[in-house]
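Please read this briefing beside the sequence and the structure.

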Amino acid sequence: MKINFSLNGKETELDVDPMAVALDVVRGLSLTGTKEGCGVGVCGACTIMVNGSPVSSCICLVGTLADKDVWTIEGIAEKMPELIDSFVEEEGMQCGICTPGQIVAAAAIESVGASNAEEIKKYMAGNLCRCTGYQTILSAVEDHLAVN
Ligand code: FES
Ligand code: FES
């Protein structure tokens with residue numbers, strides 16, 4: 001089935017099984033920045049942005065992306081380099097597996113209106129990290145929001 005959507009700002013047409021998992025589809029397009037952690041919608045490592053909201057791509061069927069505005073970490077990194085800089089400056093990563101999902105979730109944060117430290121903490125709670133202890137990630141997001 002043909003599916004049309006915007007992917008990282010470019011109109012895209014795919015001939016795919018609409019029941020295919022979005023995580024597998026984007027990685028199959030060489031967008032391998034999107035990572036699989038738990039594979040069951042719990043950890044946030046696979047987060048993509050769909051119409052401005054964070055979505056766990058491991059539990060998202062690609063057919064639901066038809067006509068949507070979809071961003072992966074590759075597109076976010078190009079569009080929002082200052083957000084990447086905040087994660088680098090605050091050292092908001094260690095092994096890096098969770099990092100693309102953390103950054104994509106942070107990119108979507110303005111659309112949900114989290115604007116203070118407590119709201120940011122609640123908003124980012126769906127993105128798990130085994131390494132950092134979270135504070136540097138939260139500092140990176142706070143830093144990004146303060147400068148934008
Ligand atoms: S890999 Fe999708 S939420 Fe964990
Ligand atoms: S940096 Fe390793 S899981 Fe977050």
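The protein, seen here as a predicted model, has 7 helices and 5 strands, where helices (H or I, at least four residues) and strands (E, at least two) are DSSP runs numbered from the N terminus. Along the sequence these elements follow the pattern β-β-α-β-β-β-α-α-α-α-α-α.

**Overall size**
- The radius of gyration, taken over C-alpha atoms, is 15 Å, close to the 15 Å that the globule rule gives for 148 residues, so the protein is as compact as a globular protein of that length; the rule is 2.2 Å times the number of residues to the power 0.38.
- Taken along the principal axes, the C-alpha atoms fill a box of roughly 45 × 30 × 25 Å.

**Domains**
- The domain assignment, which is automatic or from a database, gives domain 1 (2-75) and domain 2 (76-147).
- The C-alpha centres of domain 1 and domain 2 lie 20 Å apart.

**Where the domains meet**
- In contact, meaning heavy atoms within 4.5 Å, are 17 residues of domain 1 and 17 residues of domain 2.
- Domain 1 and domain 2 bury about 1300 Å² between them, 65% of it on carbon and sulfur atoms; this is the accessible area (1.4 Å probe) that the two parts lose on being put together, summed over both.
- On the side of domain 1 that touches domain 2, β3 (47-50), β4 (53-56) and α2 (73-79) each supply at least two residues.

**Basis of the values**
- Residues are numbered from 1 along each chain as its sequence is written, and chains are lettered from A and ligands numbered from 1 in the order in which they are written.
- In this predicted model local features need pLDDT of at least 70, side-chain atom pairs count only at pLDDT 80 or more, and totals for chains, interfaces and linings use all residues, while side-chain values use heavy atoms, with hydrogens and water left out.
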